[in-house]
Amino acid sequence: MLKVESLESGYGTMQVLWGTNLEVKRGTITTVLGPNGAGKSTLLNTIFGLVKPWGGKILLNGMDVTYYPPHKKVESGLTIVLEGRHLFPSMSVTENLILGAYTDRAMERLNETLELVYSLFPILKERSEQLAGTLSGGEQQMLAIARSLMTNPEIVLMDEPSQGLAPKLVMEVFDTISRLKDEGLTILLVEQNVFASLEISDYAYVLNEGRMILGGTIDEIKDSDEIKRVYLGI
Amino acid sequence: MPFFEQLAGNLVYGAILGSVYGLSTMGLSLIFGVLRIVNVGHGPFIMLGAFTAFWMFTLFGIAPVISISVALVLGLALGFVVFFAVIKRLINAPELSTLLATFAIGIFLEEVAKFIWGPDHRGYSWDIGSIDLSITLIPYSKILAFISSIVIAYLLYMWFQKTKLGAAVRAVVEDSEGAAACGINVGRIYALSFAIGIGLTVASGVLVTLFVPVGINPYMGHEYTLKAFVIAVLGGLASPWGAFYAGFIFGLIENGSYTLLGTIPGVEPFSLTRFVAFSLLLVILLIKPTGLLGGESK
């Protein structure tokens, strides 16, 4: 449902992505692995439109959305959980969620999605009047994911959702992502936590210096020499 | 006790003037909060509002209180023009570029104003009587300015709190990338906020004319740029409401200190009030660097 073809982008004069290819199938979890500085976050931010593409193509359900600005991507059913959460800290949990349903696409289903979100994250219902900035790290990450669901997305890009969380919470986040897949969502994940993300993914890619050097089903990737060399040191 | 009567009178006057200070700073804070751009050309927009009031009154006999809406509409339009002509290209530019650009816009407006209207002071008198508070005499025109400021600030507050678009502006202030992830058209919010900020500033210029004894001229804005910066910092820089309250505080300090300084023999109080106001600013910033009313600033 999401197809990225020879995507190029970067910051200023520094090119980060050098013709990156990627395909995400509907209803799956796809992970992009790679060392620090490989361009994983840049890839997600370029797909979402926060970083302007220099060349290549981004297709969403067959439609060319390469140069859509972020708000049009959200209106087309693609959203992002940004690295570092990017919540509205001095607004309440409810206000954060309601703002997630800003587009017409999301407004239509506001009540249903709110119910779904509260059933997925009961803690957010308990804290609905609390300010987002006063939540714990784990709760903030839950809220960031919940807010992205409020946009009524088909596909969610997730940038390091387990970053900075205690091990127990990391597992909780990965469980949540699996459950989102069960709800019918498609997820494109970027993670430092290789083993946990491979555990829940269907497909994986390895990005290195702005190029995809490997891609395939999870079993293929797990068995590949490249992964063993890079991550297991064998 | 004449001293206390004088002090009380000046404090009342300070509160009234402070409301106009507050209103004239809200636009600066709003623009900084949303776009992270410091509008160094703030004062000249106040000057444009002052000339709007002047011409509306002298040509058509329209009362300043009514000219506020005219100035607001003109300011909104001008805000959109300036945004799309200049500011839009500078959203993620280094600070120096935005400082220079807004400084240039300010000078441009002043010079155009001088070219059209000349450099001389002009004034008008809108005399609708005064109310005697026994301690001091307050013209009704200034009381109307006071009420107008509060009404405008309150309406803006309600717009921010109760409307969807207002919530979107608040979201962009708190985290623009987070807002984009929610599907908010951040570029449009930038344009709208800039236009509202300029609209408020031009509108406040109308009220300023009721407080300038020497009249208005194209260069009158500088004083207000300076004061607006002090007030904005007092109010926590990014918060229009902080700015509004800080305007009151600034007005009270400025006028209160006038009375106190007057009791010191050999001191000419008027030239020292600004010194006192800015000294107090320094002290407050030393104690609370985020501004008197500011929470965390990013």
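User: How much space lies in the second largest pocket?
Analyst: The second largest pocket holds about 890 Å³ of space, the volume filled by probe spheres set on grid points joined across faces, edges and corners. A pocket is an open set of points on a 1 Å grid over the protein atoms alone, with protein on both sides within 12 Å along at least five of seven lines; a cavity is a set where a 1.4 Å probe fits but cannot get out, and lining residues have an atom within 4 Å of a point.

User: Before I go on, what am I looking at?
Analyst: A predicted model, where local features need pLDDT of at least 70 and side-chain atom pairs pLDDT 80 or more, while totals for chains, interfaces and linings use all residues. Residues count from 1 along each chain as written, chains are lettered from A and ligands numbered from 1 as written, and side-chain values use heavy atoms, without hydrogens or water.

User: Back to that pocket. Which residues lie nearest its centre?
Analyst: Tyr13(B), Phe211(B), Val212(B), Pro213(B) and Val214(B), out of 36 lining residues of the second largest pocket.

User: OK, the largest pocket then. How much space is in it?
Analyst: About 1400 Å³ for the largest pocket. Its lining has 46 residues, and the closest to its centre are Leu50(A), Ile91(B), Asn92(B), Val186(B) and Tyr190(B).

User: Which element gives the most to that lining?
Analyst: Helix 8 of chain B, residues 186-208, with five residues in the lining of the largest pocket.

User: Switching to cavities. How many are there of 30 Å³ or more?
Analyst: The count is one cavity of 30 Å³ or more. The largest cavity has about 60 Å³ of space.

User: What lines it?
Analyst: From chain A, Thr79(A), Ile80(A), Val81(A), Leu82(A), Arg85(A), Ala144(A), Arg147(A) and Ser148(A); from chain B, Ala181(B). Strand 6 (78-81) and helix 7 (137-150) of chain A are the elements that give two or more residues to this lining.

User: Now the interface. How many residues does each chain put into the contact?
Analyst: Chain A puts in 22 residues and chain B 17, with contact meaning heavy atoms within 4.5 Å. Between them the chains bury about 1700 Å², of which 60% is on carbon and sulfur atoms; that is accessible area (1.4 Å probe) lost on being put together, summed over both parts.

User: Which chain B residues lose the most area?
Analyst: Lys164(B), Glu174(B) and Cys182(B), together 34% of what the chain B side buries.

User: How many salt bridges cross the interface?
Analyst: One, taking a side-chain nitrogen of Lys or Arg within 4 Å of a carboxyl oxygen of Asp or Glu. A salt bridge joins the side chains of Glu95(A) and Arg170(B), at 3.1 Å from N to O.

User: Which chain B elements give two or more residues to the side touching chain A?
Analyst: Helix 6 (164-174) and helix 7 (176-181) of chain B. Helix 6 of chain B has the largest share of that side, seven residues.

Technical notes:
Helix = DSSP H or I, 4+ residues; strand = E, 2+ residues; numbered from the N terminus. Buried area = accessible area lost by both parts, 1.4 Å probe.
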